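The discussion then turns to how the parts are placed and what lies between them.

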Amino acid sequence: MIPILFGITLISFAVIHMAPGKPTDLVTQLNPKVSMEAREKLNKIHGLDKPLYVQYLDWIKKIGRLDFGKSFADSRPVIDKIAERLPITLLINVLSIFIIFIVSIPVGIKSALRKGAPFDKISTVAVFIGFAIPSFWLALLLISFFGVHLGILPVSGIVSLDFEKLNLLQKIFDLSRHLILPVFVLSIGGIAGFSRYMRQSMLSVEHQDYIRTARAKGLPEKEVIYRHALKNALLPIITILGLSIPALLSGSVIVEKVFSIPGMGLLMFESVFMRDYNVIMGILIVSAFLTLLGNLLADIAYVYADPRIRYEK
Amino acid sequence: MKNKLMLTGVIIIILLILAAVFAPKIAKYDPTYINIKEALLPPSEEHLMGTDMLGRDLFSRMLFGSRIALTIGIVAVGLAAVIGVALGSIAGYFGGKIDSVIMRFADIMLCFPAFFLILAVIAVVGPSIFNIMIIIGLTSWMGMARLIRAEILTLKTRDYVLCSRVLGASNFFIITKHLIPNGIGPVLVSFVFGVAGAILMEAGLSFLGLGVQPPDPSWGNILMEGKAVLGVGWWVILFPGLAILITVLAFNLLGEGLRDALNPRIK
């Protein structure tokens, strides 16, 4: 765990410091009125005059205190900027994971139980399309249909302008209306993937001895499937969920950009355009930490779900 | 059934490659030629896919876009495959400290959500076709390294490897002549899926304005420009999206088919 955390900071630092020129150039080079002394002073403030390894050590000490430095764009602490954006990204990601589970597990089970039936064939085609459809294109199609053509769903932001004036119930309603399209777009790849995994997993469980035993002792089919097969088939899904967190987070950059949702993905996009290196480094590290955290949670969930792992140790 | 799907994929890919290679011959117009008088014409015989907001022929732009998509997809994943196979086979063959250093490095790289890492590098080196290829390549070798390593771990205990070593073959010879050719199967499957992924990635980056830069036509940046005419020019949005969908679908079908062909258990 610790070496991986260390590695994450090292790679993030290395990436940003491949940059030709200094981040302060944006303020200095482009402004002829800034004198040499002022430039050096600015470099000193940001610690850019020291050798690289000193900069790295200084920086990593600060990271320990969750101090990612200040944004070059507006001089606010990076951690504050990320902290105000992160909950939104987490919200749409958690909702997506929820939707993915709700949809893909029943679809996977149903396709596996009636392999080759019309439902299986249709869902297989849908899965292939879901895998291949570019999320930003889907987003544009949905925006033009529901937002522009029908005009029934909002297409940007997460709340309406008059959000503050609404009561709690209206607030929830307003928020959900704004989230329908983005969450759907973010989920689509996951739904395709997990339906496929669930189907595969159910199919491989079906032929196990304990399923034959359950059937042989005369258990009703429902009990065989939901108590014996499903529980075992869900195990690999937990691991795959942990592994799919980076993909979900990656997806939120595009989704947040298309729907103008002020989350961490949009902040990343804006910072890349402005070469706001401190913010970029901060987000890079936070996103990698989230991935690690997701893997850890998946491991813990796995131990709970699978008694064999608990008893072995 | 499966074979037919794979065949469909292969046919689409061949057509795409032909379209890309002969783009200058097929296209009636210069893909970057601006003609405001003909802006936003719907599809017709003159302009098969209509024209965009600057009056450029969309069909020509789509054809040249296929060059960019395929080049970036294949070169980027080719680079990833070279890195992945090299590192993975060294790790698997030598084991011990070398193995744990290389694979730990891969683990760390896998912690970064790909899109965030790629965007960060683009912020540093700037967006261009060349940079995008290199960056996607450098950030997507980890899966292939794991695959070839797993293969080599089982292959290196085989008798023919021992035999070769007894005969005095060098490590390099054993890795390149015995182990990699025998263990390359899963990497090949991963390569095909990887091309699909890289094409999606390039389109996504270009759509954000951080990939292929206008006036070079990429399916992603055509879509980005189409966003501005969302209500008026449906064709500017429809065709590039469909092209990405079909291309990615074709590579995925080929990948599925290859995987089944290489894994006799599923048959």
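## Two domains of chain A

In this predicted model, the centres of domain 1 of chain A and domain 2 of chain A, taken over C-alpha atoms, are separated by 37 Å. The domain assignment places domain 1 at residues 2-64 and domain 2 at residues 87-305.

Between them, seven residues of domain 1 of chain A are in contact with eight residues of domain 2 of chain A. On the domain 1 side, α1(A) supplies the largest share, five residues, and by class that side of domain 1 has five nonpolar and two polar residues, with no charged ones.

## Fold and overall dimensions

Chain A contains 14 helices and zero strands, so that its pattern read along the sequence is α-α-α-α-α-α-α-α-α-α-α-α-α-α. Because the radius of gyration of chain A is 24 Å, well over the 20 Å that the globule rule gives for 313 residues, chain A is more spread out than a compact globule. Taken along the principal axes, the C-alpha atoms of chain A fill a box of roughly 85 × 55 × 35 Å.

Of the 313 residues in chain A, 36% are buried. Among the contacts in chain A between residues at least 6 apart in sequence, 71% join residues at least 24 apart.

## The contact between chains A and B

Across the two chains, 38 residues of chain A are in contact with 34 residues of chain B. On the chain A side, two or more residues come from each of α1 (2-16), α6 (118-132), α7 (135-149), α11 (245-258), α12 (264-274) and α13 (277-305). By class, this side of chain A has 31 nonpolar, five polar and two charged residues.

## The nonpolar core

The largest nonpolar core has 150 residues, and those with the most contacts inside it are Ile280(A), Ile283(A), Leu284(A), Phe116(B), Leu119(B) and Ala120(B). Helix α3 of chain B, residues 58-94, gives the most to this core, with 17 residues, while domain 1 (2-64) and domain 2 (87-305) of chain A each contribute at least three. In soluble globular proteins, nonpolar side chains tend to be buried together.

What does Leu284(A) touch, not counting residues up to four places away in sequence? Leu284(A) touches Ser12(A) in its own chain, and Phe112(B), Phe116(B), Leu117(B) and Ala120(B) in chain B.

Definitions and conventions. Residues numbered from 1 in each chain as written. Chains lettered and ligands numbered in written order. Predicted model: local features only at pLDDT ≥ 70, side-chain atom pairs only at ≥ 80, totals over all residues. Helix = DSSP H or I, 4+ residues; strand = E, 2+ residues; numbered from the N terminus. Nonpolar A, V, L, I, M, F, W, Y, C, P; charged D, E, K, R; others polar. Rg over C-alpha atoms; globule rule 2.2 N^0.38 Å. Buried ≥ 20, exposed ≤ 12 C-beta atoms within 10 Å, placed from the backbone. Domains from an automatic or database assignment. Core = buried A, V, L, I, M, F, W, Y, C linked by C-beta atoms within 7 Å.
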